[in-house]
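Hi,

Here is the structure I promised to hand over. Please open it first, then read my notes below.

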Amino acid sequence: TQSTRPQRLLAAVQKNATRGDPRSVVLAIDQFCRQKEWAMNVGDEKGCILDSVVSEVNPGAVLELGTYCGYSAVRIACLLPPHGKIITLEFNPDNAAIARQVIAWAGLEEKIQLVVGASGDWIPKIKEQFGVKTFDLVFLDHWKDRYLPDTKLMEECGLLREGSILLADNVICPGTPDYLEYIRNSPRYKSQYFKSHLEYTKVEDGLEKSVFLG
Ligand SMILES: O=C(NC/C=C/[C@H]1O[C@@H](Sc2ccncc2)[C@H](O)[C@@H]1O)c1cc([N+](=O)[O-])cc(O)c1O
Ligand SMILES: [Mg+2]
C-alpha cells in the first residue's frame, strides 16, 4: 500500500538523523523537504526566527497548536530551560503517531507532551488537566481559520498573562487575515511582523509576534 508523506518524512529521520540528537532530526527533515518532498513544517528560515524568539522568552511553559510531524515541537523543545515543557495539540491521529516517533527519535519525550484532539476542545481543559497556570509562549501553526477563535478562547480561559508571547506562522501564506486584523488592532496586544519566506520556497510569508498586555 502507498505510504503517506508524514511516513516518508519519518523514514528520512530514522535513516539520516542520530537518535537523541534533536538538531540532526531538524536537519534531516529540512533536507528531506528541500531535496525530496515539500512539507508544511515551519522550516529552516522561519525556524531561525522561531529559535530567536524562544531563546529570548526562555519559556517554562509553551503551547503549540498544530504538531503535524513534530518539527517545530522538537525545534522549540531543544531550546527550553531545564524544567521547560511544551504541550502540543494535534487533531489528526495519524500525524500524531508520526510526530510521537519523530519526538522519540530526538529523545525529547520528557519535554514534549503531545495531546491528540482539537484545540477548541482542549484549550478550556488545559489548566485542570495539565496543571498549567499560564503559557509564556504560544506557537500557532494549525488550521489558519482557528488562530483567531483559539486566541480569544485562550484569553477567556485565562491561559495568557501580562507578557505572554503569541508567535503565529503563515500570517501571509496561506494567510490568517482575521487573526492579523484582530491582533494588530487590539489594545491588548503589541505586535511585530517578521518578514520571511514560505518554508523551502521563495514565496513571501512571515511570523507575527504579539505580546499580550493583560
Ligand atoms: O495549512 C497549514 N497548516 C495547517 C496545519 C495543520 C496541522 O495541525 C492539525 S489541525 C489542528 C486543529 C485543531 N487543533 C490542533 C490541530 C492538522 O492535523 C495538521 O497536522 C499550512 C499550509 C502551508 N501551505 O503552504 O499551504 C504552509 C504552512 O506552514 C502551514 O502551516
Ligand atoms: Mg505553518
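**What I found**

Helix α8 (residues 147–156) is largely enclosed by the rest of the structure, because seven of its ten residues are buried. Buried means under 20% relative accessible area, exposed means over 50%, and partly exposed is in between (1.4 Å probe, protein chains only). Helices (H or I, at least four residues) and strands (E, at least two) are DSSP runs, numbered from the N terminus. The buried residues of α8 are Tyr147, Leu148, Asp150, Thr151, Leu153, Met154 and Glu155. After α8 comes Gly158, with a positive phi near 65°.

Some ground rules. This is a predicted model, where local features need pLDDT of at least 70 and side-chain atom pairs count only at pLDDT 80 or more, while totals for chains, interfaces and linings use all residues. Residues are numbered from 1 along each chain as its sequence is written, chains are lettered from A and ligands numbered from 1 in the order in which they are written, and side-chain values use heavy atoms, with hydrogens and water left out.

**The ligand**

Where does ligand 1 sit? Ligand 1 is in the largest pocket. Pockets are found on a 1 Å grid over the protein atoms alone: a pocket is an open set of points with protein on both sides within 12 Å along at least five of seven lines. A molecule sits in a pocket if more than half of its atoms lie within 2 Å of its grid points.

There are 21 residues around ligand 1, and Glu90, Ser119, Asp141, Asn170 and Glu199 come nearest. A residue counts as near if one of its heavy atoms lies within 4 Å. The shell holds nine nonpolar, seven polar and five charged residues. Here Ala, Val, Leu, Ile, Met, Phe, Trp, Tyr, Cys and Pro count as nonpolar, Asp, Glu, Lys and Arg as charged, and the others, Gly among them, as polar.

Now the polar contacts (pairs of N or O atoms within 3.5 Å). An N or O atom in the Glu199 side chain is 2.5 Å from an oxygen atom of ligand 1. For the side chain of Asn95, the distance from such an atom to a ligand 1 oxygen is 3.0 Å. For the side chain of Asp169, it is 3.2 Å. On its own, ligand 1 has 670 Å² of accessible area, and the protein covers 86% of that. Those areas come from the Shrake-Rupley method with a 1.4 Å probe.

**Backbone points to check**

Most residues other than glycine have a negative phi, and most peptide bonds are trans. Look at these exceptions.

- Tyr68 has a positive phi, near 55°. Tyr68 is in the loop between β1 (61–65) and α4. Tyr68 counts as buried because its relative accessibility is 12%.
- Tyr200 has a positive phi too, about 65°. Tyr200 is in the loop between β6 (189–197) and β7 (204–212). Tyr200 is buried, at 13% relative accessible area.
- The peptide bond from Cys173 to Pro174 is cis, with omega near 5°. Pro174 belongs to helix α9 (residues 171–175).

Is Pro82 buried or exposed? Pro82 counts as exposed because its relative accessibility is 70%. Pro82 is in the loop between α4 (71–77) and β2 (85–90). Pro82 and Lys111 are 29 residues apart along the chain, and their C-alpha atoms are 9.1 Å apart.

Thr134 lies in the loop between α7 (126–130) and β4 (135–140). Thr134 is buried, at 19% relative accessibility.

Best wishes

Technical notes
Polar contact = N/O pair within 3.5 Å; in protein donor to acceptor, adjacent residues only side chain to side chain. 1 Å grid on protein atoms, 1.4 Å probe; cavity = no way out; pocket = protein on both sides within 12 Å on 5 of 7 lines; lining within 4 Å.
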